[in-house]
Amino acid sequence: MPIIFAFTIICQIICIIHVFKTGQERAWLIPIIFALLLGCAVYALMVIAPGMLGTRQGKRAVKKLSHTINAPRNLRTLRGELSLRDTAQSRVNLADELVELGQYDEAITHYQEALSGGDAHNPDTLLKLAQAQFQAKDYTGCLASLKDLLQNNPGYISQDGHLLQARALHELGELDQAAQTYQQLVEYYSGPDARYFYAKLLQQQNRPAEARQQLEEIQNYARIAPKFYKQMHRDCLAQANRLLKNLE
């Protein structure tokens, strides 16, 4: 009983704080206070849950959960489509799903087989292949795919591909080349990722002052950035803050 009582009090406090913080109707206080756990449950289902699902994080969580639940069926459907029509697009579609599930080795095989005929140097497929190879820790293969992309598609521009190149060089221990690539990236990359990974490299090279400078640039921009930017890059911003604290 004491545990249930304490749990009820905690739930009531959370719900009451939510009522005042979000400006809900004060009438909600009656069921929260007098109906105890039942009132809290009703408030959570009718007010808190819909509000969370309306946020970017909530939508992302629901999408991820839905994708996880439907993954086996999606894979069966995509494998069936491939068996009926073995095309570059059907292989890319299957590979994309495999990447979502973390099955990078099989995804790489399908991306590679999709790169044939008129699609032999398709830039979008080559970039996806490079990304899958990076996730599979095949950094040499990743760089080879990016080289193929650039040589055969000179007008193709991708900041994500450029960052991938820098990170692959970094992972292979080619620190000078990686540093040069990061220096180019921080001049135009739209998110905090380039500066964050560059700061990690600078830390590795025992250049803490320069690493702090990159991380402080991230912090300074984040302070004035619009809300959607902070939400979109929440994880990277948190990692940058932790790294900066470690360097202080």
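Modeller: A salt bridge joins the side chains of D96 and K128, with N and O 2.9 Å apart. The term denotes a side-chain nitrogen of Lys or Arg within 4 Å of a carboxyl oxygen of Asp or Glu. This pair connects distant parts of the chain, since D96 lies in helix 5 and K128 in helix 7 (residues 123–135), 32 residues apart. Helices here are DSSP runs of H or I with at least four residues, numbered from the N terminus. D96 is partly exposed at a relative accessible area of 24%, and K128 is likewise partly exposed at 30%. Under the scheme used, buried means under 20% relative accessible area, exposed means over 50%, and partly exposed lies in between (1.4 Å probe, protein chains only).

The model is a predicted one, in which local features need pLDDT of at least 70 and side-chain atom pairs count only at pLDDT 80 or more, while totals for chains, interfaces and linings use all residues. Residues are numbered from 1 along each chain as its sequence is written, and side-chain values use heavy atoms, with hydrogens and water left out.

In total, the structure holds five salt bridges. Besides the pair already described, R91 takes part in a salt bridge with D86, at 2.9 Å from N to O. The accessibility of these two partners falls in separate classes: R91 is buried, with a relative accessible area of 11%, whereas D86 is exposed at 52%. R91 also forms a salt bridge with E113, where the closest N and O atoms are 2.9 Å apart. E113 is partly exposed, with 41% relative accessibility.

Taken together, the salt bridges with shared partners join D86, R91 and E113 into one network.

Conventions: Helices (H or I, at least four residues) and strands (E, at least two) are DSSP runs, numbered from the N terminus.
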